[in-house]
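Subject: Structure for you to look over

Dear colleague,

I am passing on the structure that I have been going through, and I would be glad if you could read the notes below with the model open beside them.

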Amino acid sequence: TSYVFTFGGSTRSDDPRSRDKTVVGGKGANLAEMAGIGLPVPPGFTITTEECVRYLAEGGEFSDVVKADVAAALGHIEQAVGKTFGDPADPLLVSVRSGARVSMPGMMDTVLNLGLNDVTVQGLAASSGDARFAWDSYRRFIQMYSDVVLGIDHHLFEDALEIAKEDNGFYADVEMQAEDWQKLVKEYEQIVADALGRPFPQDVHEQLWGAIRAVFDSWDSDRAKVYRRLNDIPGNWGTAVNVQAMVFGNMGDTSATGVAFTRDPATGEKAYYGEWLVNAQGEDVVAGIRTPQYLTKASRERAGAKPLSMEEAMPAAYAELAAVFELLERHYRDMQDIEFTVERGKLWMLQTRSGKRTAKAALKMAVDMVGEGLIDQKAAILRIDPMALDQLLHPTLDPEAVRDVLTKGLPASPGAASGAIVLDADTAEKRAERGDAVILVRVETSPEDIHGMHAARGVLTARGGMTSHAAVVARGMGRPCVSGASAVSIDMASRTLRIGTRELKEGDVVTLDGSTGEVMAGHVATIEPELVGDFGTLMVWADVHRRMKVRTNAETPADCRTARQFGAEGIGLCRTEHMFFDDKRIAAVRQMILAEDEGGRRAALAKLLPEQRADFHAIFEEMAGLPVTIRLLDPPLHEFLPHADAEFEELSEAIGIGVATLKRRADELHEFNPMLGHRGCRLGITFPEIYAMQARAIFEAACDVAAQGGTAPLPEVMIPLVATRKELAILKALVDREAEAVFAEKGRRVPYHVGTMIELPRAALMAGEIAEVGEFFSFGTNDLTQTTLGVSRDDAARFLGAYVEQGIFPRDPFVSLDIEGVGQLVELAAARGRATRPDIKLGICGEHGGDPASIAFCEKVGLDYVSASPFRVPIARLAAAQAAL
Ligand code: PEP
Ligand code: MG
């Protein structure tokens with residue numbers, strides 16, 4: 001097997017691995033692919049991700065085979081370009097970039113102009129006929145290489161450049177002449193020598209291997225690890241290294257560089273979208289040092305901007321670029337994010353990849369592309385990240401609300417957010433941990449800010465375009481972002497900021513509208529989104545292709561309504577205890593709990609019965625014709641107890657029992673380990689009158705709703721925390737008895753089922769026996785995870801972070817099901833349950849029912865439905881369709 005693959009020039013590798021992104025990374029695969037379809041790609045080679053994994057595992061050494069392969073691949077570039085690496089007269093220069101399977105900020109990004117040294121810079125000056133260009137390229141190289149490979153603080157170089165300009169009375173870099181750059185190079189070399197105690201490497205091969213090592217090492221950098229953790233990227237993928245002949249966008253006014261999307265990544269509109277700069281290198285566009293210009297005439301005019309678009313300034317190169325866009329979209333059948341360079345009028349493609357996009361844009365593009373015949377419905381379904389739909393389910397600003405607009409920047413990532421201003425990422429994280437809503441405000445962001453961006457509700461930057469770091473990362477995270485708000489100036493010393501004429505300080509509340517770019521003072525009201533248009537279309541397609549039903553976890557009529565609007569096909573879990581916390585009812589609940597005997601309990605339960613009946617009545621009406629799974633009381637009773645003295649006194653007054661008695665009774669209820677204590681069906685076994693009251697409320701409400709005509713309700717009574725067949729048998733008999741009693745009183749019957757949750761390992765193991773009694777199983781994977789792992793779901797936050805960081809769990813097992821462990825119990829219980837009762841209905845109602853990876857597992861096991869919280873229902877519908885395809 002090869003560790004190195006070449007691309008470009010006249011060769012084309014037939015090895016499919018050369019275009020497999022798991023082998024050569026996303027960037028390498030796409031470069032090879034582009035070269036393969038005849039696009040102008042500067043020749044280069046890719047060292048594989050496998051070599052990275054091996055290198056990191058074996059302590060950072062390269063084998064002779066790899067060294068020989070790299071030498072041969074370098075020969076390929078030299079031959080294709082007609083220049084030699086290190087040639088003093090006319091040197092080949094290369095770029096070195098990282099490229100994992102997926103694009104990943106936080107890793108070493110790019111070194112340009114590699115191959116320059118004190119000798120070859122003279123050759124470049126002579127061969128290009130442009131000494132200024134040569135020395136400018138050399139100083140850029142020293143700065144980049146020193147920063148990313150040698151680990152020298154880039155500020156040292158930036159400061160030196162600022163001083164050089166000041167000394168010369170220059171304002172902009174373009175005023176620097178060849179001699180000025182040459183002088184600066186000497187200073188840069190001194191900075192390196194001072195920092196390292198040895199000179200800047202002059203051997204071009206040493207430069208190359210240094211950069212290759214830096215790319216591989218950066219896979220294990222802290223920043224990369226943080227990004228991987230936030231994005232569920234496995235640590236064992238590794239990154240590839242791409243080495244490619246340099247082409248120059250900074251060779252004068254017929255040269256340029258730019259980034260572009262084949263469709264608008266924010267809205268999905270079918271229009272080219274991008275930014276470019278004349279006489280510049282790629283870094284200048286993304287870094288926000290110069291403000292980029294518009295790509296197309298239409299977008300320039302729409303923005304009312306003056307500097308000519310590329311379409312106007314370089315019509316020939318633009319036309320060629322537009323043709324490439326069309327070709328790439330037809331080839332990849334997806335929107336592409338492209339980097340290009342024009343060197344003295346000739347177009348070169350440096351990169352293409354499927355472009356990051358907002359959820360709104362993703363939907364529009366997927367639906368449009370089906371219409372255009374580029375993809376089919378299945379491909380459209382598979383293309384949308386279910387979790388990204390979350391963005392669309394978030395509020396937008398109420399158009400009626402009063403806005404005190406401070407300034408307007410670029411609409412970099414849609415959605416609205418309010419929060420307190422914070423000026424650095426660490427503060428953002430700290431305040432967010434305390435539960436504060438914060439807006440991170442920075443001049444511009446860098447990979448070091450990622451944890452703060454994640455913690456913040458929104459991001460505001462003073463500099464940077466739509467493709468700046470802040471914009472790209474915020475879009476990926478689904479955080480609203482306004483970038484390039486140049487009226488914002490930040491004073492870190494006093495921790496204040498000025499927006500236009502207004503003074504603000506850290507902690508002041510602002511609101512961002514990432515869809516318009518507006519920044520507003522104070523909190524602005526928001527409205528809920530409507531799920532129509534492309535969203536509705538895609539959901540219909542998803543529904544056609546999924547097998548599993550999607551239900552919701554809900555216990556209020558309002559939640560039921562929301563969930564139905566989102567497409568819920570029933571209730572998978574109605575937690576009745578939530579109904580007990582109501583202000584009006586809690587006294588009766590407490591009376592019931594603190595009662596000394598059954599008589600006392602019955603008196604309190606009599607007060608609760610009409611309340612519960614009304615609850616169920618409303619829910620049955622809301623969910624007409626759909627199954628409603630109602631779980632009988634589950635939590636340990638002490639959760640309902642009063643705490644403060646005042647509460648005890650109030651209760652004593654209300655129910656006429658002395659405070660001292662109440663307190664004694666409360667003490668008696670204390671448990672050392674309540675999660676494994678007197679809860680779930682154990683309540684039903686010890687206080688059957690509680691479950692009897694709940695069952696009666698359910699059947700009375702069901703009969704009443706049935707009596708109103710229309711479709712009869714479909715109640716499913718669910719017993720929690722069952723471990724044995726006997727528990728369920730006793731409680732099912734109780735429920736059946738109550739049902740028969742109510743049916744006799746009401747003179748009508750409604751169909752119903754009695755089933756159980758599977759949330760204890762013993763229940764999973766004994767599922768065959770339990771299914772003799774239970775008519776359905778619902779996997780309570782919250783408790784099943786807790787009890788299988790022996791990890792308290794209420795205390796796990798303190799250590800689970802470290803567990804995920806150290807790779808002990810790939811993800812938080814309370815968020816995404818531990819498929820290999822807990823999943824076994826689910827699979828086994830499903831099989832044993834079915835063996836006993838072939839038509840047993842199987843569902844999941846733990847939080848995992850809304851997690852796409854867990855949903856895929858549920859499909860594999862063949863569950864009948866998943867149940868998710870109302871806002872997750874659309875996510876679950878899409879994920880279920882993807883799992884079935
Ligand atoms: C569960 O345990 O998975 C479940 C759904 O019940 P609860 O979260 O209410 O314990
Ligand atoms: Mg549970």
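Predicted model: local features only at pLDDT ≥ 70, side-chain atom pairs only at ≥ 80, totals over all residues.

Residues are numbered from 1 along each chain as its sequence is written, and chains are lettered from A and ligands numbered from 1 in the order in which they are written.

The ligand site

The shell around ligand 1 (residues whose C-beta atom, placed from the backbone, lies within 6 Å of it) consists of Leu-573, Arg-575, Asp-634, Glu-759, Gly-780, Thr-781, Asn-782, Asp-783, Cys-845 and Gly-846. Two or more of these residues come from each of strand S27 (571-575) and helix H31 (781-789), where helices (H or I, at least four residues) and strands (E, at least two) are DSSP runs numbered from the N terminus. H31 gives the most, with three residues. By type, the shell divides into two nonpolar, four polar and four charged residues, counting Ala, Val, Leu, Ile, Met, Phe, Trp, Tyr, Cys and Pro as nonpolar, Asp, Glu, Lys and Arg as charged, and the others, Gly among them, as polar.

Helix H9

In helix H9 (residues 222-231), Ala-224, Tyr-227 and Arg-228 are buried. Seen down the axis of H9, these buried residues fall within an arc of 100° and so line one face of the helix, the arc being that of the directions from the helix axis to the C-beta atoms. A residue is called buried if 20 or more other C-beta atoms, placed from the backbone, lie within 10 Å of its own, exposed if 12 or fewer do, and partly exposed in between. The buried residues of H9 pack against helix H8 (204-218) and helix H18 (450-455), contact meaning that the C-beta atoms of two residues, placed from the backbone, lie within 7 Å. Just after H9, Asp-232 takes a positive phi of about 55°.

Strand S5 and its partners

Strand S5 (residues 94-100) is mostly covered, with seven of its seven residues buried. Val-94, Val-96, Ser-98 and Ala-100 point one way from S5, whereas Ser-95, Arg-97 and Gly-99 point the other way. S5 pairs in the antiparallel sense with strand S6 (residues 110-114) over three bridges and with strand S7 (residues 239-245) over seven bridges, two strands being paired if DSSP finds at least two bridges between them. Val-96 has Val-111 as its bridge partner in S6 and stands opposite Val-243 in S7.

Eight strands form an open sheet of mixed pairing, in the order S14-S24-S23-S16-S17-S18-S19-S15. Its edge strands, each pairing on one side only, are S14 (405-408) and S15 (410-413). Within this sheet, strand S23 (residues 509-513) and strand S24 (residues 518-521) pair in the antiparallel sense over four bridges, and Asp-513 stands opposite Glu-518 in S24.

Leu-406 lies in strand S14 and is buried, with 21 other C-beta atoms within 10 Å. Leaving aside its neighbours within four places in sequence, Leu-406 is in contact with Ile-499, Gly-500, Arg-502, Val-519, Met-520 and Ala-521.

With best wishes
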